[in-house]
Amino acid sequence: MGDKLKGRNAVVTGAGRGIGKAIAVALAEEGANVVVCDIGGAVDGSGGDKTPADQVVDECKKHGVKAIAQYGDVSKFADAEAAVKACVENFGRIDILCNIAGIDKPKMIWNMTEQEWDQVVGVHLKGTFNFMRNAAPFMREQKFGRIINCTSEAWMGGTTHLNYGAAKAGITTLTWGGAQELGPAGITVNAICPRAKTRMTDDPKVREMVVKRVEKGLMDPSVLKRMDREMVDPSAFAKIAAFLASDDAALVNGQVFLTTAITIARYSKPAEITKAENPTEGPWTMDMVKAAMTPAQLLKDYVNPAPPAPPKA
Amino acid sequence: MADRLKGRNAVVTGAGSGIGKAVSLSLAREGANVVCCDLGGGIDGKGASTTPADQTVSECKALGVQAVAAYGSVADFKAAEAMIKTCVEKFGRIDILVNVAGIDRAKMLWNLSEEDWDVVISVHLKGTFNTIRHAAPFMREQKYGRIVNTISEAWVGTVGHCNYGAAKGGIASLTYATAWEMGKYGVTCNAICPRAATRMTMGPDVLAGYKKRVESGLWTKERYDEVTHVAGPDYLAAIPTYLASEAAGHVNGCIFGSAGAFFSFWAPARESAIYNRDWDNFGPWTVDDVEKCMPNLLKGYVNPAPPEKEDKKK
């Protein structure tokens, strides 16, 4: 295997299964020592089990690197601190941090409980902050660091889990801002936006729906083909994260990459694409606003994602 | 006075000062009844006072509409519920929700305390969730609603308060998702990304900070003038007010840069460079594969913060 990360030490959260596991193993294959963090809970965040983290530790060790497990809760500041310190104390320093841990509790907004909101935002967004916050002082001191966060296309909206989407958007902003704050110290902060088959995404019903739509001619067959190529084990693209963690990626900072088995894409930042100037010296008036809010001006190429349903006949 | 919101009932958070106050008065000017929500705390979220909310209530009433105050913290799920219920119980229903309440605790990531993170995320992001969550069932039932959130240019990354930026990024996503989920029920959800002179952006401490940047050579005088030449929030209040009107039914899931001199449409992030492999012939990516396609992917990219040169360091 490769040696692009030889002598580097990494902390990977959510490393017991899925994308986190694939990345932990990919880093180990490239020679990095790994702190394998996983609480071992269910997709909805309930429960706990040491087995997933322990198994990945064994798997990493097979590649001739050192590996240890951490079973804490990423949403707890002290647990994150302990995991980062475990890396520094056992391996000497922390070079790489991959924040992958995540859960999902899907509900429509009008049915979502406070707890469902708190838990999902706590694990994803606060969890990512907790690890970045605790790793940053070490990385600044040593003038080297690689942070890789995990966002999702849900960051730009969608339905049924706006807790998840909002947390992912927060992580995206944290990636952009973290890159600006930490870049001068030789630290890069990037994010992956993955598509893969994991216990969170593996849903045969989704494929059935796409098959039906393709059969009815409502969807291009390439959609299904892409889906089948992409809904595979995340080990297919885990080396993308390994590259971002390497010395060779020093120039890549503050970027978000769509990562799949067949595609890498770089996301732009949101941007102001149309603009209306206030024609007067005074405040905007309702009429001035209304006049600008048209397809000819501000709403160029805009499509309402969910127009009102027509009244039932 | 006008009547484009006559008979409509609104809840505005952060209504005691700044943008929230300007929007409350603008809604009232168009005939809407307003629940003016404000904890009356400092910019950092500390302290509380009933005076700011009460003052906005008086000013709204002077415009001939009904207005009541709510003094709870938007970060508190139950207090947010009470704000929405106050509107329904006092005015009959809730048509408009404008989320403006916000605080700031600025620190670099490596100095940011857990508490500073939690408080800022709670007020902005959870606060916005809390009010939308409680308003949604009413709006869905009546098949009408207008939700306007407040984000910030910090949502695309910011130096010195990543807590604030992350919360604003979360609110942007919440805006998109709420638009998707609620749109078919006749509810719109949009956000403004304001630039206005408020105590948060132009208070004495902030101005002193800007002046220091000029003195230290970090900023030019021109940059200082550009940043400080900003109109008050009453200049942009018509933008969220328009979004709260029936006429804006076709606008859903949008983010508008909003200032006195301009307003703009923010497009979400998009895949700006794509590298596709041969779909029928590939194995797992290797590090070398990834490295090879990076030059194409990074075309036009500028490192936002390259490492400092050794010789520049003391």
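Biologist: A crossing of two helices counts as left-handed if the near helix is turned anticlockwise from the far one by less than a right angle, and right-handed if clockwise. Which hand is the crossing of H5(A) and H5(B)?

Modeller: Right-handed. Keep in mind that this is a predicted model.

Biologist: At what angle do those two helices pack, and how far apart are their axes?

Modeller: About 145°, with the axes 7 Å apart. Each helix covers residues 162–182 of its own chain.

Biologist: Which residues make the contact?

Modeller: On the H5(A) side they include Leu162(A), Gly165(A), Ala166(A) and Ala169(A). On the H5(B) side, Cys162(B), Gly165(B), Ala166(B) and Gly169(B) are among them. Glu181(A) and Glu181(B) take part as well.

Biologist: How do the residues of that contact divide into nonpolar, polar and charged?

Modeller: 8 are nonpolar, 8 polar and 2 charged.

Biologist: New topic: the sheet. How many strands form it, and in what order?

Modeller: There are 9, in the order S9(A)-S8(B)-S7(B)-S6(B)-S5(B)-S4(B)-S1(B)-S2(B)-S3(B). The sheet is open and the pairing is mixed.

Biologist: Which strands stand at the edges?

Modeller: S9(A), residues 271–277, and S3(B), residues 67–70. Each has a single partner strand, so one side of each is left without a neighbour in the sheet.

Biologist: What does the twist average?

Modeller: 20° from one strand to the next.

Biologist: How do S9(A) and S8(B) pair, parallel or antiparallel?

Modeller: Antiparallel, over 6 bridges. One bridge there links Ala276(A) with Phe263(B).

Biologist: Which strands does helix H3 of chain B touch on the sheet?

Modeller: S1, S2, S3 and S4 of chain B. The direction of H3(B) makes about 150° with that of S2(B).

Biologist: And helix H4 of chain B, which strands does that touch?

Modeller: S1, S4, S5 and S6 of chain B. The direction of H4(B) makes about 175° with that of S5(B).

Biologist: Let's stay on S5(B). How many of the residues of S5(B) are buried?

Modeller: 6 of the 6, so S5(B) is largely enclosed by the rest of the structure.

Biologist: Which residues point which way from S5(B)?

Modeller: Gly145(B), Ile147(B) and Asn149(B) point one way. Arg146(B), Val148(B) and Thr150(B) point the other. In a regular strand, side chains alternate between the two faces of the sheet.

Biologist: How many bridges join S4(B) to S5(B)?

Modeller: 3, and these strands run parallel. Val98(B) has Val148(B) as its bridge partner in S5(B).

Biologist: Over to chain A. How many bridges join S4(A) to S5(A)?

Modeller: 4, again in a parallel run. Asn99(A) is bridged to Asn149(A) in S5(A).

Biologist: And how many join S1(A) to S4(A)?

Modeller: 3, with the strands parallel. Val12(A) stands opposite Cys98(A).

Biologist: Which way do the residues of S4(A) point?

Modeller: Ile96(A) and Cys98(A) go one way, Leu97(A) and Asn99(A) the other, and all are buried.

Biologist: Switching to helix H7 of chain A. Which of its residues are buried?

Modeller: Leu224(A), Arg226(A), Met227(A) and Glu230(A). Down the axis of H7(A) they fall within an arc of 160°, so they line one face of the helix.

Biologist: What do the buried residues of H7(A) pack against?

Modeller: Helix H6 and strand S8 of chain A, together with strand S9 of chain B.

Biologist: Ile264(A) next. Where is the place of Ile264(A)? And is it buried or exposed?

Modeller: Ile264(A) lies in strand S8 of chain A. Its relative accessible area is 0%, under the 20% cut-off, so Ile264(A) counts as buried.

Biologist: What is Ile264(A) in contact with, beyond its sequence neighbours?

Modeller: Residues from both chains, including Ile240(A), Phe257(A), Tyr275(B) and Trp285(B).

Biologist: Last topic: positive phi. What is phi of Lys143(A) near?

Modeller: 55°, and Lys143(A) is not a glycine. Lys143(A) sits in the loop between H4 and S5 of chain A. Its relative accessibility is 40%, so Lys143(A) counts as partly exposed.

Biologist: And what about phi of Asp301(A)?

Modeller: Positive too, about 65°. Asp301(A) is in the segment after helix H9 of chain A. At 70% relative accessibility, Asp301(A) is exposed.

Notes: Residues are numbered from 1 along each chain as its sequence is written. Chains are lettered from A and ligands numbered from 1 in the order in which they are written. This is a predicted model: local features need pLDDT of at least 70, side-chain atom pairs count only at pLDDT 80 or more; totals for chains, interfaces and linings use all residues. Side-chain values use heavy atoms; hydrogens and water are left out. Axes are lines fitted to C-alpha atoms, for helices over the stretch in contact, and angles run from 0 to 180 degrees between N-to-C directions. Contact means heavy atoms within 4.5 Å. Ala, Val, Leu, Ile, Met, Phe, Trp, Tyr, Cys and Pro count as nonpolar, Asp, Glu, Lys and Arg as charged, and the others, Gly among them, as polar. Two strands pair if DSSP finds at least two bridges between them. Buried means under 20% relative accessible area, exposed over 50%, partly exposed in between (1.4 Å probe, protein chains only). The arc is that of the directions from the helix axis to the C-beta atoms. Lists of a residue's contacts leave out its neighbours within four places in sequence.
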